[in-house]
Every structure is written in structure tokens, then in C-alpha cells.
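Work through the exercises below with the sequence and the 3D view at hand. Try each task before reading its solution.

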Amino acid sequence: MAKIDDKWERIFKKIQLILEKNQKLEDQNMSLQQKISELENKIVEQNKDKTSLKEQIQYIKAAKEVHLSEKERAVTKQQLKEFMDEIDDCLAKLVE
């Protein structure tokens, strides 16, 4: 009879270990799901920023077609460079 009791006890311990591992995996899964959600939200925000910057570039390009003074052209050119740098940063963050 003790032999059967020992087997049941080992089976019960194995079941407990399996349940503990399952709980750890569920916790890890929940954590990863949250991280995925956060990253997806970050991508959405960066896409919005990218769209906004593209619109600003188009606006500046349209303004460039209007005859500007050399000083205004230099300022506009600098703004374009800054926008391009921001777009590059956004794209780099998206790739991460």
C-alpha cells in the first residue's frame, strides 16, 4: 500500500510542478503581450509624427516655389534638414 501512496505522491508533486510552470508561462505571456501593445502604440505615434513631418515638408516645398529671399531660403533649407533628421530618427525607432 505504501508503494501506491508513494506513486500518488510523486504524481501529485509532478502535477504541482506542471501547474507552477504553467502559471509562470502565463505571467510571462501576459508581460510580453503588454510589451507588444506598448510597442504597437509607439509605432502608431511615430507614424503620426512621420505623417505630420511629411506634411510640413510639403508645405515648405510649396513655400519654396514662391519666390523667397536668400535668407528665407536658408531658413527653409535648415528647417527641411531638421525635418529630414526627425524623419530619419522616427524610421530608426520603428526599425528597433
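Helices (H or I, at least four residues) and strands (E, at least two) are DSSP runs, numbered from the N terminus. The model is a predicted one, in which local features need pLDDT of at least 70 and side-chain atom pairs count only at pLDDT 80 or more, while totals for chains, interfaces and linings use all residues. Residues are numbered from 1 along each chain as its sequence is written, and side-chain values use heavy atoms, with hydrogens and water left out.

**Exercise 1. Overall form**

Task: State how many helices and strands the protein has, and compare its radius of gyration with that of a compact globule of 96 residues.

Solution. 
- Step 1. There are two helices and zero strands in the protein.
- Step 2. The radius of gyration is taken over C-alpha atoms, and the globule rule is 2.2 Å times the number of residues to the power 0.38.
- Step 3. For a compact globule of 96 residues the value would be near 12 Å, but the protein has 29 Å.
- Step 4. The C-alpha trace spans about 100 × 15 × 10 Å along the principal axes.

**Exercise 2. Gln-46**

Task: Find the helix that holds Gln-46, decide whether this residue is buried or exposed, and list its contacts beyond four places in sequence.

Solution. 
- Step 1. Gln-46 is located in helix H1.
- Step 2. Buried means under 20% relative accessible area, exposed over 50%, and partly exposed in between (1.4 Å probe, protein chains only).
- Step 3. Because its relative accessible area is 8%, Gln-46 is buried.
- Step 4. Contact means heavy atoms within 4.5 Å. With neighbours within four places in sequence left aside, Gln-46 is in contact with Cys-90, Lys-93 and Leu-94.
- Step 5. For the whole protein, 10% of the 96 residues count as buried.

**Exercise 3. The largest nonpolar core**

Task: Name the residues of the largest nonpolar core and the contacts of Phe-83.

Solution. 
- Step 1. A nonpolar core is a set of buried Ala, Val, Leu, Ile, Met, Phe, Trp, Tyr and Cys residues joined through side-chain atoms within 4.5 Å.
- Step 2. The largest such core has six residues, namely Leu-53, Ile-57, Ile-60, Leu-80, Phe-83 and Ile-87.
- Step 3. Two or more residues of this core come from each of H1 and helix H2 (70-95).
- Step 4. Apart from neighbours within four places in sequence, Phe-83 is in contact with Leu-53, Gln-56, Ile-57 and Ile-60.

**Exercise 4. A nonpolar surface patch**

Task: Which residues make the nonpolar surface patch of about 530 Å²?

Solution. 
- Step 1. Patches are made of residues with over 30% relative accessible area and no salt bridge; like charges are joined within 9 Å, and nonpolar side chains (Val, Leu, Ile, Met, Phe, Trp, Tyr) within 5 Å.
- Step 2. Accessible areas come from the Shrake-Rupley method with a 1.4 Å probe, and for residues only the protein chains shown count as cover.
- Step 3. The patch is made by Ile-4, Trp-8, Ile-11, Ile-15 and Leu-19.
- Step 4. Ile-4 lies in helix H1 (residues 2-65). Ile-4 counts as partly exposed because its relative accessible area is 46%.
- Step 5. The protein exposes about 8800 Å², of which carbon and sulfur atoms supply 56%.

**Exercise 5. Salt bridges**

Task: How many salt bridges does a search of the whole structure find?

Solution. 
- Step 1. A salt bridge is a side-chain nitrogen of Lys or Arg within 4 Å of a carboxyl oxygen of Asp or Glu.
- Step 2. The search of the whole structure finds two.
- Step 3. One joins the side chains of Glu-9 and Lys-13, at 3.5 Å from N to O. Both residues lie in helix H1, four residues apart, about one turn of the helix.
- Step 4. Glu-9 is partly exposed at 43% relative accessible area, and Lys-13 is partly exposed at 47%.
- Step 5. Glu-45 forms a salt bridge with Lys-48, with the closest N and O atoms 3.7 Å apart. Glu-45 and Lys-48 are three residues apart in helix H1, so about one helical turn separates them.

**Exercise 6. Distances**

Solution.
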